[in-house]
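This report describes a protein chain for a reader who is new to structural analysis. Please keep the sequence and the structure in view while reading.

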Amino acid sequence: DEQEEVDEEEIDEEQNNDYIGPVLPGGHRFDKKFICIKYPGNVVHPEKAMETLGGIGAISTVINTPNRRLELKFRPNDSYCKPTCGDKYNTKGFLLRVRVKKSRVKKAEENEAKRTEKHVNSSATESNGVQCNVNIEHSLDTENIETQEDKCQEEQVISELTDQVQSCSVNAQDETANPNQSSLTNVKTNMLPTYEPNKYEDLSKDEDYELPKLKVLGRVDTEFRFANLCDFQYLPMTQCKDDPKKFECIYDKIYPSTIPSYSWLKNDVPYFLPPAAFSRMDTIQQYVPKTEVNSYPENIIGKSTKRKAGFSNFIYFSTLEVPAKPPAGIETAMKVKFVQNVHYQEIKKLFDERPIWSKNAVMYQTKFSQDRLKILLPSVAYYFMTGPWKIMWVKLGYDPRKDISARKYQTLDYRLKAMHGLGSTVKCKRNYAEYTLPYKSTPVGKQKTVQSGIPNTEQSNKKEQQVNENVYIYREGTVPPSRQMFYQYCDVLVDEIQEMLAKLPDPLPTIRCHEKRGWLPSGFDIQCREIINRQVRAVLRKQMNIPDDYPTEIPRKRKRVIKLTLNKLKSRKKKKESDSVSNIEGTEEKHDEIKPSTSKAEN
C-alpha cells in the first residue's frame, strides 16, 4: 500500500511538472522578465559598469518612471561629468543560458595548441631544409609532384561523379509532377555555403560530441540603446602656476568629499562654473539658416517666438470692442477635422441658454474631446484673458462689462488653505518638486514605445477618463478635485453664498464695471472663500477621523515665543516709564500750580 501511494504521488508530480503555467518541462521560463541594456563598451567588470549607470537604484527608477532616459557617466565619481543618455525601446527576445562540457573546452584548447606546434615545426623544418642537399630536395620535389598529380586526378573524378549524381533524377514521377520543385532543389544543392568552412571546426566525424545544453531563463521585453551623441565634457582642470604648459586637477579643491571646515572656504581656488548642459539636443539636427528679415523695432522682446497654432479668439479686460464674428478660416478647419454641423449646433445651443461658460463645464455638458473643442469654442465664443471673467468663454457679441446680471458668471478663484494634515489629501495641479532636466526625459518629437498587440494602459485610461461634475460645480459636503479651482458664482451651489448673491443691490447707473471685482462689492470673494474653506475643512476632518478640537495648523515655536517675550519686556518698560512719569507729575502738583494743559493730559 505504501509503495502504491508513493507511485501515485510520483505520477501526480510528473503530471504537474509537465506544464505549470509558462514554465516548460525543460526548465524554460517565460514568466520572468528581463531588461536588456546595450552598453556602449566592452564590459569586463559588470560591477564597474553598473556604477557608471548609477547603480541598481537609478536603473530601477528609470524603468518605473515613464519617458525617462538612462544616464551613463564614464566618470561616475566626477559630479561634473556630462552623461550620455539611452532611450527605452520595446523588443521581443529571450535570455539563453548555454552550457558546454569542460572536456569540449579542453579539446578546443588542445587543437589550438597543436596548430601552434605545427606552425613552429614547419618554420623549424624550413630552416633545416636549407642545409639539406640539393639532390634530396629534387627527389622530394618529384615525389610530391607525382602525389599531387594523383590527388588532382582523384578529385576530378570524384567531382564529376558528384555532379552526375546531383544532375540525375532520383524519382521520375516527382519530376513530372513538380518540375518547378526539381529545379529549386538543383539550385539549393548548387548553392555555396553562407559561412566560412575554415573558420569553424568540422564535427561531423566526432562521435563523442554532444550538443550544448540550452535553457531559456526569461523573456526580454524592453531594452536601452545608447544611440545618441554625448555632451561636451569640461574637466575641472587649470594651468599650473609654476609651469603653464601643464594642467592640474582642481576637483578636490572645489568639491569637498566630506563636511568642509571653515579654513577650506578660505582657500584660493579658481572659478569653475560650467552649465548644467552645453547642448540642448543630443541628436543630429539639420540647421537651416534664417533668410527672412524681421521688421520689428529693436526694443521688442521675443522676436523669434511664434504664435501657437490654432484659432485664438481672446481679448483683455481693457479691450474696448468685443468680437462678434469667429476668426477667419475656421470653417475650413472644421471640415478638415471632420467636425459636423450637429456638433456646432449643440455647442451653439449651450451658449444660447447661458452666455458664459468655462471650458471644463462645456466639456462635461457636451462630452467633446479637447481637440474638437479647440475648433468649436472659437467658432461660438471668445476668451477673456484678464478681469473678473478670466479664463471664461463668452458668447460672440455679448459684453458682460455692460450687463449687471453677468455678475453671477464671474470667476471665483478658490485656493485651498494650507491645513496641516488635511491639505495633503487634495492633489496639486502641477508638482514642481519632481522637476527633471530636459535631457533626462525623452523629447516630445521622439516616438514613444508602445507594445504591439498589447494596449497601453496609460493611453487607454486617458481616453476612457470621463470628466466629472466637480470640475466646475461645487456642492456642500464635497472636496474640490485640486487645490486651486476656478468656479463661477452660479456654479457654487451653497445656500449661504446664493442668498448673498440674491440680496446684492443693483449698483448705480454711473458706476462702471471694476477691473478686478466686476459688478460685486469689495470683500465678497473673500467671504465666499471662507465659507467654502469651512465646509471643506469639516469634510476632511470626517474623512481622516480628526476631532473638531484638534488643531489643523501647527503654531510657530521659537520665533513666535521670542517675539512674545520681547513684546512683554517692551510693554513692562513702557509701564515703568509711565509710572515714573506719573509719580514725578504727582509730586510737582503738590508744590507748583496746576496748569490747564497738564490737567487735561492727566485726566
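## Aromatic residues

In this predicted model, one aromatic cluster is formed by Tyr80, Tyr234, Tyr251, Tyr255, Phe272 and Phe278. The structure holds 13 aromatic pairs. A pair of aromatic rings is described by two quantities, the distance of the centres and the angle of the planes. The table lists two of the pairs in these terms.

| Aromatic pair | Centre to centre | Angle between the planes | Arrangement |
|---|---|---|---|
| Tyrosine 234 and phenylalanine 278 | 6.5 Å | 50° | tilted |
| Tyrosine 474 and tyrosine 487 | 6.1 Å | 55° | tilted |

Tyrosine 234 belongs to the loop between strand E4 (213-225) and strand E5 (237-239), while phenylalanine 278 belongs to the loop between helix H9 (262-265) and strand E7 (314-315); the pair therefore ties together parts that are 44 residues apart in sequence. Are these two residues buried, partly exposed or exposed? Tyrosine 234 has a relative accessible area of 49% and is partly exposed. Phenylalanine 278 also counts as partly exposed, at 34% relative accessibility.

Tyrosine 474 is buried, its relative accessible area being 1%. For tyrosine 487 the relative accessible area is 1%, and this residue is buried as well.

## Strands and their pairing

Strands of a sheet pair through backbone hydrogen bonds, and the pairing is either parallel or antiparallel. Strand E11 is mostly covered, since four of its five residues are buried.

An open sheet elsewhere in the description consists of four strands in the order E1-E4-E3-E2, and its pairing is mixed. Which strands form the edges of this sheet? They are strand E1 (33-38) and strand E2 (70-72), each of which pairs on one side only. From one strand to the next, the twist averages 50°. Strand E2 and strand E3 (residues 84-99) are joined by three bridges in the antiparallel sense. Threonine 84 in E3 is the bridge partner of leucine 72.

## Helix H15

Helix H15 spans residues 495-502, and Ile497, Met500 and Leu501 are buried in this helix. Why do these residues lie on the same side of H15? They cover an arc of only 100° around the axis, and this places them on the same side of the helix. An α-helix has 3.6 residues a turn, so residues three or four places apart point the same way.

The buried residues of H15 pack against strand E14 (492-493) and helix H16 (524-543). The face turned away from the buried side of H15 carries the exposed residues Asp495 and Ala502.

## The chain as a whole

The protein chain has 18 helices and 14 strands. Of its 603 residues, 21% are buried. The accessible surface of the chain comes to about 47,600 Å², and 53% of this surface belongs to carbon and sulfur atoms. Among contacts with a separation of 6 or more, 67% are between residues 24 or more positions apart.

Terms used:
Residues numbered from 1 in each chain as written. Predicted model: local features only at pLDDT ≥ 70, side-chain atom pairs only at ≥ 80, totals over all residues. Heavy atoms only, no water. Buried < 20%, exposed > 50% of the residue type's maximum accessible area, 1.4 Å probe, protein only. Helix = DSSP H or I, 4+ residues; strand = E, 2+ residues; numbered from the N terminus. Arc of directions from axis to C-beta. Contact = heavy atoms within 4.5 Å. Pairing = 2+ DSSP bridges. Axes fitted to C-alpha atoms, helices over the stretch in contact; angles between N-to-C directions. Areas by Shrake-Rupley, 256 points an atom, 1.4 Å probe, with all protein chains shown as cover. Phe/Tyr/Trp six-rings, centres within 6.5 Å; stacked < 30°, edge-to-face > 60°.
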